[in-house]
Amino acid sequence: MAVKKNRKAKLGDGEIEQKGKMQQKEGQPTEGKGTEGKGPHSIRVPQLYKQASVILKKYENKEGSLKTLIYSGKYTNYGVMFGLLTKLVKNQEAVKSAIAASNLLVEQPSFDPHLAQVLATQALSKGSVVGKCKPIVVFKEYEEKIKATAANSFSAKAAVKDKDLLPRYVRINTLVSSVTDVHAQLKKDRFILQDYDPSVESYDDFLERVKNLVTPYYLVDYHIPELLVFPPGIPFWNSFLYKKNAIILQDKASCLPVFVSDIQETSNVLDACAAPGNKTSYIAAKMNNQGKVIAVENDLKRFETLVKMIRFRRASCVTSLNKDFFTLKPDNFPNVEHIFVDPSCSSSGTTVHNDEVSKERIAKLASLQTILLKRALSFPSVKEVIYSTCSVYKEENEQVIEDVLTQYHEEFELADLATCLKGWKHFGHDTYSFGNKCLRTDINIDKCTGFFVAKFVRKQAGKGEKRKSADEECHDLNPPKSKKEKKSKKSKKL
């Protein structure tokens, strides 16, 4: 029996090896095995096309940049997918026009329009679409007309935008590995640390280094010591460090809210809009898994992602709540000292869309952001509230801060964040009196996505008295009856 078992194992290894030799053409996905003899209806759409169409839909809904949407998922071929979708986005007008001219979506009204764009781009860039599934069989009836219509306006060269040229930022997860061990592993992986002295070099000098950074060199960030900077496009998805969660792919801009905070190891923290978990895990790392972190996320699917990320990244001091932050009663969290508010926004600092977000959507987002920020400031013991967005619009940033300060200016003030980042150049709009106290990032200068950060701190001595809790305010409005009043009331009942 043992011999048969070993032979079976060897056969399995051989099958895997043989499968690896059957390489497909680059960019042409294979369909599931066993498709021979099956009808088109029973054959699945190749994963590359299916996943690309889902990402394209999210991209058009402004849920993030292509790079964020692609590399935040568990996909099998990041490089091919990124190349396909960047070509599509660059040529989207031509692709849509060609599809419209072919009457594909008119004659086939149930055809997924996003999948149509993906297949059209594949056909235009590779010459043809391979596959026997029903959507591809249908698409091929219109393929030649699409190619003929778009041939003169389609460019097979992928779009190159400023955001595609951003460096690769890697945050060391100190809950899993030490800084020393990560650098040692990177050395084994043939990366070379480029040394410099931040006490001698200016921020401008550092940015010049980043601009000229090439493989295999990398840098330690000028401001954040646990953040590493690599040349654009370095793939870490299959690296040992990434798989062990010793490193986290996180843009510098999204690290800033935690970096500028005053959290300590024993702090009590609430992350109001926590998913997907990068910020939360960074908070836990800054606290060395001491103290307490409450991570709140309302959306169930995003909450499940949050829980998984927190577990993988060993953030054991975090407790996750699947609730709407606005429904939380501040008085039920009497010990919370620090709150992070990173609400839903237009994502205008991260998306590569050329079109602008509608004024109506920005107004709705700003209204929600203001409500959430005010809620955070109403917690009875909160000492610090960090507000951040990945938006470049002042309506979601400075205007929200101004609206909130009109109500809370006697209790809170804005900290000057310029003191936290040596040599920083970009701050809030100077049309606001407090603008120079808020941080902004400029994608073309700071080499990170567009971001805004403001830090509210409770006023100290001079104001003296601690803000009353909601229960105490209700108590003042409705003081308890005196004994005499209670006795009189009781007599009336009798």
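Here are some numbered notes on this predicted model, going from the whole chain down to single residues.

1. Overall make-up. The chain has 494 residues, and 49% of them count as buried. Its secondary structure comes to 20 helices and 13 strands. If you look at contacts with a separation of 6 or more, residues 24 or more positions apart account for 72% of them.

2. Helix α2 (residues 47–60) and helix α7 (residues 113–126) have axes that come within 8 Å and cross at roughly 120°. The crossing of α2 and α7 is right-handed. On the α2 side, the residues involved are Y49, A52, S53, L56, K57 and E60, and they meet H114, L115, Q117, V118, L119 and Q122 in α7. Sorted by class, that contact has 6 nonpolar, 4 polar and 2 charged residues.

3. The five-stranded sheet. There is an open sheet of 5 strands with mixed pairing, and reading across gives the order β2-β3-β4-β1-β5. Which strands stand at the edges? They are β2 (192–193) and β5 (247–249); each has a single partner strand, so one side of each is left without a neighbour in the sheet.

4. The β1/β5 end of that sheet. Strand β1 (residues 168–172) pairs with β5 in the antiparallel sense, over 3 bridges. To find the pairing on screen, pick I172, which stands opposite I247 in β5. Helix α14 (residues 278–286) packs on the sheet here, touching β1 and β5, and its direction makes about 40° with that of β1.

5. Strand β13, a well-covered one.

6. Who pairs with β13. Strand β10 (residues 384–389) runs antiparallel to β13, with 6 bridges between them, and T389 stands opposite F452. Strand β11 (residues 412–414) is also antiparallel to β13, joined by 3 bridges; here F412 stands opposite R458. Then there is strand β12 (residues 439–440), again antiparallel to β13, with 2 bridges, and L439 stands opposite V453.

7. Cysteines. How many disulfides does a search of the whole structure find? The count is 0. Take C448: its sulfur is 9.6 Å from the closest cysteine sulfur, in C255, and that is too far for a bond, since a disulfide needs the two sulfur atoms within 2.5 Å. Is C448 buried or exposed? C448 is buried, with a relative accessible area of 0%. C420, on the other hand, counts as partly exposed, at 28% relative accessibility.

8. One threonine. T370 is in helix α16 (residues 359–377). At 11% relative accessibility, T370 counts as buried, because the cut-off for buried is under 20%. Leaving aside neighbours within four places in sequence, which residues is T370 in contact with? They are V400, D403 and V404.

Note on methods:
Residues are numbered from 1 along each chain as its sequence is written. This is a predicted model: local features need pLDDT of at least 70, side-chain atom pairs count only at pLDDT 80 or more; totals for chains, interfaces and linings use all residues. Side-chain values use heavy atoms; hydrogens and water are left out. Axes are lines fitted to C-alpha atoms, for helices over the stretch in contact, and angles run from 0 to 180 degrees between N-to-C directions. Helices (H or I, at least four residues) and strands (E, at least two) are DSSP runs, numbered from the N terminus. A crossing is left-handed if the near helix is turned anticlockwise from the far one by less than a right angle, and right-handed if clockwise. Contact means heavy atoms within 4.5 Å. Ala, Val, Leu, Ile, Met, Phe, Trp, Tyr, Cys and Pro count as nonpolar, Asp, Glu, Lys and Arg as charged, and the others, Gly among them, as polar. Two strands pair if DSSP finds at least two bridges between them. Buried means under 20% relative accessible area, exposed over 50%, partly exposed in between (1.4 Å probe, protein chains only).
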